[in-house]
Amino acid sequence: MYRPPRVPSTSRFLNPYVVFFIVVAGVLILAATTALLIHFLAFDKKFYFYYSSFQIPNEKYSDQLNSQATQAYRILSGRVESVITTTFKESSLRNQFIRARVVKLRRNGDAVIADTVMKFKFSRNNNAASMKSRIESVLHHIPNKFGNMEINPSDEIIEITNQDTEIMLTQECGAHPNLITLSEERVMGGTRAEEGDWPWQVSLQLNNIHHCGGVLISNTWILTAAHCFRSHPHPREWTATFGISLAFPVQRKRIQTILMHNNYNFVTHENDIAAVKLNSNVTWTKNIHKVCLPEATQHVVPGSVAYVTGWGSQVYGGNTVRDLQQGRVYIISNNVCNAPAGYNGLVSSGMLCAGVPQGGVDACQGDSGGPLVQQDTRRLWFLVGIVSWGDKCGLSDKPGVYTRVTAYRDWITEQTGI
């Protein structure tokens, strides 16, 4: 019987080791390609900082613009930053622009000049002169009239270093390190703070042992609670340390003067505030600088978020801790705080309550004198309270009671000039 010739098969079974090698090689090539793409698209970038001034001819300069903590300063600075941000976000540099920050408002005749730092992200191989020219071109296209505000950029911008930016922005009160780099809980029931989270936090130490918290309001002055010095009023017994660790402080200063409120009442806790002067200036850094003080008229809204910080005990009657703790709490109205189930009328108008409804997050022993702070619309932190007293720690219906800073704004100025 005739058989057709057999056609040899072209298929072959590959050796399993060869298959494994091919798969691994493919994965490695894919990974290398992905890594290169990530590098060139993301890591082959560098941040650039530029300084420029903007004239605002239809805005009259007033003394309210001398301080970054005033409402007038916050509003005008925010408007200028909004104009610059909108302009770049609607330009060809929308993907390179990061943030703009007004660092100072100053007088120009009767008008105002806003000194501003801007942050961009460009590829490392970009030509510096070309980048600067592109930024200037966008700025010169800002409309002279933006809403009801005239704004005129200067003819030139100046490239500055990251260090220059840090120096400028550490002069600004209440700035968090993320704000300084322009990046896009005394505290029971809280969490551990990271370095620089609360740059104004102070440890006041009696014979080199932590006794109370405090808060920097300038490079010389600290605010704290008067009751901290009730038994130890002599400055020579006290030192102040800075940084999140009690064991390894970043800076240490001796105390020159302690000014307790003349009408402090230990029984009622009224006027529980003191100003402490250091014997030498604190050196400002990204992680150590002052908080903002509120105006006397600033309203602290019940229900709004605040943070309390310190090295106090984690349970009532416990020991202080080595690393700074932070706690997220809510402002409680004095009426609610004074309810029969609460403090039954013991909270006066010069006091402020803050906590959480179920309890568990609170200041405790060793946190006295420390700060209760809130953040404003420009991401600056303001001191609204000073840890004063409470019924034990973290009990429901018994929140922490703080000295209300706005009620003592004039006293603070009288004592410190700030």
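## Salt bridges and disulfides

K132 and E156 form a salt bridge, with their closest N and O atoms 3.3 Å apart. The pair links distant parts of the chain, 24 residues apart: K132 sits in helix α3 (residues 128-139), E156 in the loop between β6 (152-153) and β7 (158-160). A salt bridge here is a side-chain nitrogen of Lys or Arg within 4 Å of a carboxyl oxygen of Asp or Glu. Helices (H or I, at least four residues) and strands (E, at least two) are DSSP runs, numbered from the N terminus.

This is a predicted model: local features need pLDDT of at least 70, side-chain atom pairs count only at pLDDT 80 or more, and totals for chains, interfaces and linings use all residues. Residues are numbered from 1 along each chain as its sequence is written, and side-chain values use heavy atoms, with hydrogens and water left out.

K132 is partly exposed, at 24% relative accessible area. E156 is partly exposed too, at 49%. The cut-offs are these: buried is under 20% relative accessible area, exposed is over 50%, and partly exposed lies in between (1.4 Å probe, protein chains only).

The structure holds eight salt bridges. Another one joins E59 and R79 (3.8 Å, N to O). These partners are 20 residues apart, with E59 in the loop between β1 (45-56) and α2 (71-89) and R79 in helix α2. E59 is partly exposed at 25% relative accessibility, and R79 is partly exposed at 26%.

What about E172 and R378? Their side chains meet in a salt bridge at 3.6 Å, N to O. E172 is buried, with 1% relative accessible area. R378 is buried as well, with 3%. Shared partners join E81, R101, E172 and R378 into one network of salt bridges.

Now the disulfides, each a pair of cysteine sulfur atoms within 2.5 Å. The whole structure has four.

| Pair | S to S | S-S torsion | Hand |
|---|---|---|---|
| C337 and C353 | 2.0 Å | about -90° | left-handed |
| C364 and C393 | 2.0 Å | about 85° | right-handed |

C212 and C228 are both buried. So are C337 and C353. Numbering the bonded cysteines in sequence order gives the pairing 1-4, 2-3, 5-6, 7-8.
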